[in-house]
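Dear colleague,

Please find the structure below, followed by an account of what was found in it.

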Amino acid sequence: MQAVEQLLQQLVNGLSLGALYALIAVGYTVVYGIIQLINFAHGEVFMIGAFSSLTVWLALFKDNTALWVFPFMILAAIGGSMGVAVLMERVAYRPLRNAPRLAPLITAIGVSVFLQEAVRLFYGDIPGFPDATQALPFPQIDVVTGTPINVAGVLVQRSSIFTLSALVICTIFLYYFINRTKTGRAMQAVSQDPDTARLMGINVDRIIVIAFMLGGGLAAIAGIAHGLINTNIDFRMGFLAGLKAFTAAVLGGIGNIYGAVVGGLVLGLVENHGPPSTSPAGSVAARGKTCGPSRS
Amino acid sequence: MTAPALQKSSPVAGQVVLDATDVTMRFGGLVAVNKVNFSVNEGEIVGLIGPNGAGKTTFFNCLTGLYKPTSGTVRYLGKTLKPQPVAVTRAGVARTFQNIRLFGNMSALENVMVGRYCRTSAGVLTSILHGPRYRREEKETVEKSKELLSFVGLTDVGDHLARNLNYGDQRRLEIARALATEPGLLLLDEPTAGMNPQETGEATDLIFAIRERGVSVVVIEHDMRFIFRLCDRVTCLVRGETLVEGTPAQVQSDERVIEAYIGSGPTHANKPATEKSLDEEAGA
């Protein structure tokens with residue numbers, strides 16, 4: 001009986017980790033689908049989301065962990081991530097639209113390093129803000145964090161519930177957006193044939209910006225989820241999470257949004273079922289607590 | 001599809017719809033299109049012929065903003081067209097492609113609906129929130145798209161993915177999609193390439209019907225019988241330059257045209273050329 005419970009426990013933990021990867025992976029896949037660019041700075045968009053959220057909390061709601069603060073943090077994260085994503089497209093990628101493939105790829109790595117270092121060096125310079133050269137504690141909001149919920153012997157972290165429901169909502173939203181709206185139709189058209197899409201009067205540049213915003217928004221939510229799961233955030237968190245999410249996107253077939261979601265979940269499950277489930281030491285709940293992209 | 005009575009109905013030379021002056025397109029040292037003057041009047045069907053490599057498609061690309069002409073201007077209804085596809089489409093010029101370029105993974109209906117994109121105004125937020133104006137617009141888009149599908153005779157396959165349609169249907173879908181942008185001028189790049197005589201006949205009727213909707217048409221084709229039956233005027237391009245311009249009868253009997261194609265009599269001459277191009281199209 002205990003073995004079954006343990007398996008279920010790992011399943012839950014794996015799914016929550018996978019949901020995190022999936023949210024980030026969608027950003028890779030959407031952008032790739034539109035302009036065939038692997039945006040290696042996407043992990044940093046995720047990191048900026050977490051930091052934007054923390055920033056708003058520190059500036060406006062310091063020491064307040066009431067649930068009503070949480071929507072503001074989510075909005076801040078989405079705003080920050082979308083802003084950075086749009087800015088990097090405008091400044092770094094658009095001038096290279098017709099350059100050889102390798103140029104934007106290298107640029108993406110440059111943008112990634114730039115954003116990491118910018119946070120590391122300058123975050124602490126904002127008056128009243130902590131130094132970001134080390135990990136910073138992420139506000140543990142009531143209701144979405146706290147004592148895990150016991151479902152028939154399986155401990156489910158509240159942050160896992162948040163992450164998984166966020167993924168479900170985002171996936172439904174994406175399906176609706178891509179298939180049921182005019183802009184979504186235009187995005188499909190651009191991803192299949194940009195030149196013809198232009199001839200249908202579609203502003204391709206705008207569609208590209210929307211793709212970056214979409215990816216940024218989901219990465220922002222993943223950033224918050226990461227903060228809640230791991231209880232702290234640091235400027236390097238985007239690197240590994242980004243790499244794993246990229247793997248998930250490739251696993252699901254890059255360019256395929258639902259593939260990215262499935263890829264993320266599969267990666268999370270597999271990763272979580274590796275070493276931890278075979279090692280006898282430690283309580284299952286504790287492993288659930290520590291699992292996260294920055295573990296290794 | 002359309003009554004034959006329509007066919008000779010409107011070679012009425014109305015106002016000038018399209019007016020291209022001295023359009024030149026250079027690729028490095030190669031002059032693909034050299035100082036071509038070209039005009040289309042309202043309600044006209046104009047043919048553009050010439051051997052492969054004469055610059056016909058390049059000229060279309062210049063007209064539709066896919067290429068920025070090295071020099072020369074293109075005016076549509078008196079206004080200079082910016083060489084940008086979006087601006088050209090908004091102004092009212094639509095086109096199809098020599099090798100079909102549909103959005104293969106979208107349904108036929110969706111393809112046509114994408115064509116309506118530039119004639120609807122709902123922004124991103126409105127379309128996510130499905131506001132009343134968006135819903136009204138979207139309903140209109142679906143209705144008009146369905147109307148266009150039935151106009152080209154594809155009512156039954158609206159739900160099929162575009163890539164699963166047969167060749168002739170794909171051609172017609174591309175025309176429906178182009179018409180969805182509400183053009184005043186439609187540019188057709190080899191609309192009957194790879195078609196059998198019966199399909200070619202249907203295409204002829206379709207193009208006449210398009211003119212009945214008040215759309216002027218320019219057609220690139222290698223099939224001379226098709227061109228001469230269809231067009232009010234014909235322009236022959238050779239090596240990027242206008243060789244002859246005139247009525248089908250004038251062009252048909254012009255020795256330079258015959259020579260440019262093969263070098264013998266017209267009825268014998270155009271046939272091998274046609275078949276050759278058909279083979280190439282089928283292989284493409």
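**The nonpolar core**

In the largest nonpolar core, which has 168 residues, A:Ala22, A:Leu23 and B:Val219 touch the most other members. A nonpolar core is a set of buried Ala, Val, Leu, Ile, Met, Phe, Trp, Tyr and Cys residues joined through C-beta atoms within 7 Å; buried means that 20 or more other C-beta atoms, placed from the backbone, lie within 10 Å of the residue's own. Helix H1 (residues 2-35) of chain A gives the largest share of this core, 17 residues. At least three residues come from each of domain 1 (1-92 + 185-284) and domain 2 (101-182) of chain B, with bounds from an automatic or database domain assignment.

This is a predicted model: local features need pLDDT of at least 70, side-chain atom pairs count only at pLDDT 80 or more, and totals for chains, interfaces and linings use all residues. Residues are numbered from 1 along each chain as its sequence is written, while chains are lettered from A and ligands numbered from 1 in the order in which they are written.

**The sheet of chain B**

Chain B holds an open sheet of 6 strands, ordered E6-E7-E8-E3-E9-E10 with mixed pairing; strands are DSSP runs of at least two residues, helices of at least four (H or I), and pairing requires at least two DSSP bridges. Its edge strands are E6 (93-95) and E10 (241-246) of chain B, each pairing on one side only. E6(B) runs parallel to strand E7 (residues 185-189) of chain B, joined by 3 bridges. B:Ala94 has B:Leu186 in E7(B) as its bridge partner.

Yours sincerely

Terms used:
Buried ≥ 20, exposed ≤ 12 C-beta atoms within 10 Å, placed from the backbone.
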